[in-house]
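I opened this entry to note what I looked up in the structure.

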Amino acid sequence: MNLHPRTGLARPVELPPPEQSPPSPLPGLMLAGMLGGAFAALTWFLAGPLNGSWIDRVLNRKHDITGYMPLLHVLDRVGQRAVCLPVLAIVTLWVAWRHRSARPVLLSVCAVLAVNLLVLVLKIWLGRGAPLAHRPAFFINGEMYPSGHTSNIIAVFGTAVHLLSRYGDITNTVRKVLYALVALLALLMTSTSLLLRWHWFTDLIAGFLIGGLVLATTVAFDNATPFESPRRSSTAEDRTAV
């Protein structure tokens with residue numbers, strides 16, 4: 001009688017790790033809904049009971065910025081599409097090439113189209129006047145509300161950070177630093193617009209809310225949709241074959 005079992009039967013079988021179900025988009029969509037509700041409430045108060053706001057009138061002051069004007073004009077470009085979109089494009093193309101996937105491109109295109117279309121429709125519909133004309137009223141064929149610059153800061157740069165976080169394998173510390181940088185750019189954009197008197201203060205706040213709404217929705221749907229990198233899959237297959 002052979003008392004020695006065959007070694008082949010004693011070797012444990014390696015099973016693939018169980019697939020984790022993606023998180024629900026509900027929390028992100030709830031956040032987007034809260035931001036949209038905050039925008040609607042702010043707009044209703046400004047266009048109705050408040051007829052503008054005292055803080056807009058207080059902050060709409062003429063400052064002696066003659067010596068800083070060229071610098072302020074440069075800083076104001078941070079929120080322009082000519083700056084935001086190339087940054088997002090570089091990040092998008094890098095992570096798309098890294099994973100050999102068009103998904104980051106589709107995600108970025110949807111976010112950019114959504115924020116720009118939403119801001120354009122709201123600007124035309126609400127028609128708020130300009131600070132330099134001292135006209136905070138709505139529905140007077142203006143185009144100040146909400147601010148497209150601050151919307152871009154949050155939605156476009158925020159999407160770039162999200163792509164790096166999910167598809168770029170950056171550390172948690174780097175991710176926090178990047179989001180802090182976005183917050184710093186938002187503060188810089190607010191200060192610059194107020195000094196140049198190109199927007200009312202609440203225009204800028206409304207822009208943040210719209211940008212946050214688009215970003216929260218984009219991140220929620222992306223995180224809730226399973227993603228398997230074609231590059232990683234092919235690499236794993238090659239290693240298995242070897």
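Predicted model: local features only at pLDDT ≥ 70, side-chain atom pairs only at ≥ 80, totals over all residues.

Is Leu93 buried or exposed? I looked up its relative accessibility, which is 56%. The cut-off for exposed is over 50%, so Leu93 counts as exposed.

Next I checked whether Leu93 belongs to a surface patch. I found a nonpolar patch on the surface made of Leu93, Val105, Val109 and Leu113. Together these residues have about 350 Å² of accessible area.

Which helix gives the most to the nonpolar patch? I noted helix H6, residues 103-126, which contributes 3 residues.

I then followed H6 to a packing partner. H6 packs with helix H9, residues 201-224, and I noted an angle of about 150 degrees between them. The axes of H6 and H9 are 10 Å apart. Angles over 145 degrees count as roughly antiparallel, so H6 is roughly antiparallel to H9. For the handedness, I recorded that H6 passes H9 in a right-handed crossing.

Last, I looked up the chain as a whole. How many helices and strands does the chain have? I counted 10 helices and 0 strands. Read from the N terminus on, the elements run α-α-α-α-α-α-α-α-α-α. The chain has 242 residues, and 40% of them count as buried; Leu93, as noted above, counts as exposed.

Note on methods
Residues numbered from 1 in each chain as written. Heavy atoms only, no water. Patch = residues over 30% accessible without salt bridge, like charges linked within 9 Å, V, L, I, M, F, W, Y side chains within 5 Å. Areas by Shrake-Rupley, 256 points an atom, 1.4 Å probe, with all protein chains shown as cover. Salt bridge = Lys/Arg side-chain N within 4 Å of Asp/Glu carboxyl O. Helix = DSSP H or I, 4+ residues; strand = E, 2+ residues; numbered from the N terminus. Buried < 20%, exposed > 50% of the residue type's maximum accessible area, 1.4 Å probe, protein only. Axes fitted to C-alpha atoms, helices over the stretch in contact; angles between N-to-C directions. Parallel < 35°, antiparallel > 145°, perpendicular 65-115°, else oblique. Left-handed = near helix turned anticlockwise from the far one by under 90°.
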